[in-house]
Amino acid sequence: MRLFGRSQQEDAGRAGLLRGGEKNAFGIDLGTCNIKIFNNTTSRITTQKNMIAIQNRQTMIAYGDSAYEMFEKSPASIKVTSPIGGGVIADIQNMERLLNSLIRDQQRGQLRGADYYLTIPSDVTEVEKRSFYDLVKDSGIRARSVYAVDKAIADGLGLGIDINNSQGCLVVDVGYDTTEVSILSLGGIVLSKLLKTGGRAFDTAVITAVRREYNLIIGQRTAENARTLLSTTTGNKTSIPVFGRDIVTGLPMEKILKAEFVSAALKENFRSICDQVKVILERTPPELSADIYRNGIFLTGGACQQEGLADQLARTCQLDANVPDAPVETAARGLAQVIRKASCRNLAYTIEGLGNYG
Ligand SMILES: Nc1ncnc2c1ncn2[C@@H]1O[C@H](COP(=O)(O)OP(=O)(O)OP(=O)(O)O)[C@@H](O)[C@H]1O
Ligand SMILES: [Mg+2]
């Protein structure tokens with residue numbers, strides 16, 4: 001197996017240029033919003049929405065991105081849901097169907113025995129951890145073995161941190177339902193806190209503000225679309241039309257949303273994230289604080305790209321805030337390293353007995 005330097009591997013991997021890894025292995029970051037799958041054979045990371053569309057309570061008619069297309073638009077007979085909530089598996093049966101379909105697509109319809117590496121949030125119970133293991137074992141994807149990697153560790157690796165040797169790194173993963181704040185040192189997690197906030201809470205804040213200001217009810221997809229397009233980090237627009245239902249007349253209506261309006265709506269959410277990061281910093285052993293001061297905050301997770309968040313964190317904590325390229329894929333890039341680099345193998349553990357990597 002050839003090992004690549006981090007940036008070469010990322011660039012080549014994304015372009016699909018790497019020679020595939022020898023062993024049939026998958027790294028899976030099961031997010032509430034997006035499932036990211038690293039396929040060791042093709043060296044590619046695939047991202048699909050964590051959604052499934054079920055008709056008449058039994059037939060799966062769509063999954064992944066195509067199920068998301070139906071979200072908030074389907075008739076009563078079709079239920080479009082995400083089987084993960086708050087970072088943990090909420091609907092095991094549908095999660096199994098979804099995972100089976102996604103892995104089947106990865107292997108062109110023919111399931112072969114493979115090793116699976118999963119990211120696990122650190123601040124969850126043993127029962128919740130075990131449910132990730134059961135999911136892979138029971139979803140009929142022919143798992144030879146299942147390994148867990150703490151999400152914060154996978155994030156750190158994906159961000160290019162030399163996890164086994166670095167001391168004192170603060171990683172903040174702002175996802176959809178969760179924000180995980182962790183202090184890493186010498187290959188382990190010193191402190192970690194899982195907050196129930198992220199992109200979904202940002203959408204809700206925009207929906208509430210639009211309703212209060214304009215008497216307009218908008219859907220979650222509209223809210224997400226507006227806040228990402230109005231974020232200079234991606235959209236670079238200063239205003240955008242949104243469509244919804246007028247509360248008073250009940251009729252469809254259009255309003256123009258300005259970037260400043262969205263920023264103001266998100267202020268409170270940003271403040272609560274900043275406060276929690278400060279709480280973790282206050283509990284950090286002083287020797288590590290010095291390293292964190294030097295390294296700054298490592299941000300990741302899709303919602304860390306929301307305009308203003310990195311600035312506010314940097315100001316509140318008086319530290320530099322680093323935002324990577326493609327933050328949605330960070331943890332999956334970390335899993336790729338655990339699968340491919342012998343020096344990272346110690347970071348994976350088996351979930352069954354919660355022991356070390358064999
Ligand atoms: N350019 C962007 N600007 C702002 N937010 C963005 C951008 N791109 C994606 N997001 C947000 O990132 C979130 C998804 O990120 P991510 O895939 O990291 O979450 P997840 O891993 O599925 O969730 P969790 O970790 O909470 O289970 C969505 O809320 C989405 O709106
Ligand atoms: Mg995530």
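This is a predicted model: local features need pLDDT of at least 70, side-chain atom pairs count only at pLDDT 80 or more; totals for chains, interfaces and linings use all residues.
View 1. Where the domains meet, 20 residues of domain 1 are in contact with 21 residues of domain 2. On the side of domain 1 that touches domain 2, the largest share comes from helix α5 (residues 151-158), which supplies six residues. That side of domain 1 divides by class into seven nonpolar, nine polar and four charged residues.

**View 2. Ligand 1 and the residues of its shell.** Ligand 1 is surrounded by 22 residues, of which G31, C33, G175, G199 and G302 are the closest. When the residues of this shell are sorted by class, four are nonpolar, 16 are polar and two are charged. Ligand 1 lies between domain 1 and domain 2, because both domains give residues to the shell around it.

**View 3. The packing of helix α6 against helix α7.** Helix α6 (residues 199-214) and helix α7 (residues 220-229) have axes that come within 9 Å and cross at roughly 100°. The two helices, α6 and α7, are therefore roughly perpendicular to each other, since angles of 65 to 115 degrees count as such. In this contact, α6 brings G199, F202, D203, V206 and I207, which meet Q220, A223, E224, A226 and R227 of α7. The residues of the contact of α6 with α7 comprise five nonpolar, two polar and three charged ones. G199, which belongs to this contact on the side of α6, is also one of the residues closest to ligand 1.

**View 4. The packing of helix α8 against helix α10.** Helix α8 (residues 259-283) packs with helix α10 (residues 309-317) at an angle of about 40°, and the axes of the two helices are 10 Å apart. That angle makes α8 oblique to α10, and α8 passes α10 in a right-handed crossing. The residues that α8 brings to this contact are F270, C274, V277, K278 and L281, and they meet L309, Q312, L313, T316 and C317 in α10. By class, the contact of α8 with α10 holds seven nonpolar residues, together with two polar residues and one charged residue.

Technical notes:
Residues are numbered from 1 along each chain as its sequence is written. Chains are lettered from A and ligands numbered from 1 in the order in which they are written. Axes are lines fitted to C-alpha atoms, for helices over the stretch in contact, and angles run from 0 to 180 degrees between N-to-C directions. Helices (H or I, at least four residues) and strands (E, at least two) are DSSP runs, numbered from the N terminus. Angles under 35 degrees count as roughly parallel, over 145 as roughly antiparallel, 65 to 115 as roughly perpendicular and the rest as oblique. A crossing is left-handed if the near helix is turned anticlockwise from the far one by less than a right angle, and right-handed if clockwise. Two residues are in contact if their C-beta atoms, placed from the backbone, lie within 7 Å. Ala, Val, Leu, Ile, Met, Phe, Trp, Tyr, Cys and Pro count as nonpolar, Asp, Glu, Lys and Arg as charged, and the others, Gly among them, as polar. A residue is near a molecule or strand if its C-beta atom, placed from the backbone, lies within 6 Å of it. Domain bounds come from an automatic or database domain assignment.
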